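Colleague: I would like a close look at one part of this model, the aromatic pairs and what surrounds them. Please take it step by step.

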Amino acid sequence: MINPPLSLYVHLPWCVRKCPYCDFNSHEIKAGSFPEKEYVGAVIRDLEFSAARFQGREIISIFFGGGTPSVMSVDSMGSILEAVDANLALSSHAEITLEANPGTADSRRFTGYRRLGVNRISLGVQSFSDDKLAGLGRIHNGGDAASAIEIAAAAGFSNVNIDLMYGLPGQTVAEALSDLERAVTFKPEHISWYQLTLEPNTIFYSKPPPLPEDDVIWQMQTRGQDYLVRRQYQQYEVSAWRRNDRACLRNLNPPTGRPSPYDKNDHACLHNLNYWQFGDYIGIGAGAHGKITDQTATKIVRQSRLRIPASYIDKAGSASAIAGDKQLTETDLILEFMLNALRLKDGVPWHYFEERTGLSPDSIHKQVEAAKNNGLLADDQEMIKATKKGARYLNDLLQYFMLQ
Ligand SMILES: C[S@@+](CC[C@H](N)C(=O)[O-])C[C@H]1O[C@@H](n2cnc3c(N)ncnc32)[C@H](O)[C@@H]1O
Ligand code: SF4
């Protein structure tokens with residue numbers, strides 16, 4: 001077992017308004033209810049408290065997710081980044097992403113984030129249709145989405161992701177395609193294209209809106225995929241597309257020194273790639289999760305922080321802010337490795353399995369052979385990857401790795 005590359009996730013849980021489809025740990029800012037300073041203080045204490053076990057390990061990426069990180073002031077983000085620098089070894093090539101809601105796009109603020117070293121921005125556009133955005137309860141319209149992308153470019157962001165969703169209430173295939181067409185006109189480096197799902201504990205779950213039929217969704221997917229390929233976007237994960245016009249060396253710095261096929265994938269999201277390749281990450285902030293390898297103790301743990309922001313603020317900086325700390329069993333490791341790896345179109349090198357789980361490939365030999373025989377897993381010596389059929393029926397493929 002080796003310590004894989006290490007990322008940092010920082011959760012910032014506030015939003016201007018709670019969207020009816022969202023099950024993230026996000027909370028609407030009600031008048032006088034935004035404890036920004038207190039939360040930043042808690043994040044900094046948490047970083048200081050957590051840093052000791054990561055000495056000697058470099059951080060390859062930071063992701064500020066939410067919630068809506070773009071409701072935080074430049075000063076707040078600056079204080080958090082200073083604390084990261086003071087407590088952890090941040091790579092000089094680190095990818096630093098911040099999620100932003102187009103309804104909160106502000107030129108001064110975006111310029112400020114960029115100056116602090118944030119070098120990737122992820123905009124929650126969802127759709128360019130005013131009508132569809134209103135149906136999703138969003139605070140922005142199509143015009144705001146377009147200007148947010150322009151504001152990001154003018155602020156100096158040359159690595160921009162646009163989040164879009166399809167399968168929206170009442171959406172036609174033509175409307176879903178039109179959102180992709182509009183997105184592509186801005187030539188973003190990355191597009192995350194998600195199918196809207198009805199998540200438990202959301203308003204859409206208890207009062208489902210009229211969603212498109214399965215065959216309409218299937219047409220959106222297949223025609224949308226063809227369209228993106230024609231426009232030079234390459235799908236590298238179930239929902240992730242990178243602009244495919246420039247190749248440059250990406251240094252994921254694998255400790256083994258053996259290259260990964262994604263090293264050359266310019267514009268892929270380095271942070272998410274590290275999750276999918278079963279890398280490590282520190283999770284800081286209310287409800288944040290982390291996955292941490294301890295190669296000397298040959299164990300891997302999953303950690304989570306208290307979910308309710310007020311409790312997190314109260315306890316951050318001490319062990320009592322840790323809600324869960326669980327060593328992964330062999331069964332967990334196999335499933336979690338596969339859940340992540342098989343999302344990637346090119347899969348993951350076979351040697352990562354042993355290096356990053358500490359398990360011998362023999363432990364899954366029977367399952368691998370069965371999945372190959374059923375045409376779901378590729379017969380490939382180098383890479384663990386799904387076949388086309390396996391990618392389409394991913395849940396069936398994953399069943400093989402749900403061991404008791
Ligand atoms: C934390 S949000 C991103 C930033 C910001 N909070 C926003 O919404 O603008 C991450 C992304 O997940 C996607 N998402 C959220 N809920 C979803 C759902 N129920 N089904 C599919 N995608 C969802 C959206 O595209 C959203 O932009
Ligand atoms: S803005 Fe984003 S995080 Fe906030 S409620 Fe809406 S989808 Fe969720």
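Are F110 and F157 buried or exposed?

Modeller: F110 and F157 are both buried, where buried means under 20% relative accessible area, exposed over 50% and partly exposed in between, with a 1.4 Å probe and protein chains only. Some conventions come before the rest. This is a predicted model, in which local features need pLDDT of at least 70, side-chain atom pairs count only at pLDDT 80 or more, and totals for chains, interfaces and linings use all residues. Residues are numbered from 1 along each chain as its sequence is written, chains are lettered from A and ligands numbered from 1 in the order in which they are written, and side-chain values use heavy atoms, with hydrogens and water left out.

The structure holds 14 aromatic pairs; rings of Phe, Tyr and Trp (its six-membered ring) pair if their centres lie within 6.5 Å, and planes under 30 degrees apart count as stacked, over 60 as edge-to-face and the rest as tilted. One of the pairs joins Y39 and Y312, whose ring centres are 5.6 Å apart with the planes at 45°, so this pair is tilted. Y39 belongs to helix α1 (residues 36–50) and Y312 to helix α10 (residues 309–315), so the pair ties together parts 273 residues apart in sequence. Helices (H or I, at least four residues) and strands (E, at least two) are DSSP runs, numbered from the N terminus. Both Y39 and Y312 are buried. Ring pairs also link these two tyrosines with W14 and F34 in a cluster.

The pair you asked about, F110 and F157, is edge-to-face, at 6.5 Å centre to centre and 85° between the planes. F110 sits in helix α3 (residues 107–116), while F157 is in the loop between α5 (142–154) and β7 (160–166), so the parts tied together here are 47 residues apart in sequence. F157 also has R114 over its face, at 5.9 Å from the ring centre; a charge sits over a ring if NZ of Lys or CZ of Arg is within 6 Å of the ring centre and within 35 degrees of the ring normal. Elsewhere, R356 lies over the face of Y352, at 3.8 Å from the ring centre.

As for confidence, the protein averages a pLDDT (the predictor's confidence in each residue, from 0 to 100) of 93, and 95% of the residues score at least 70. Over residues 247–259, pLDDT stays under 50. Where pLDDT is low, the predicted coordinates should not be read in detail.

Key. Contact means heavy atoms within 4.5 Å.
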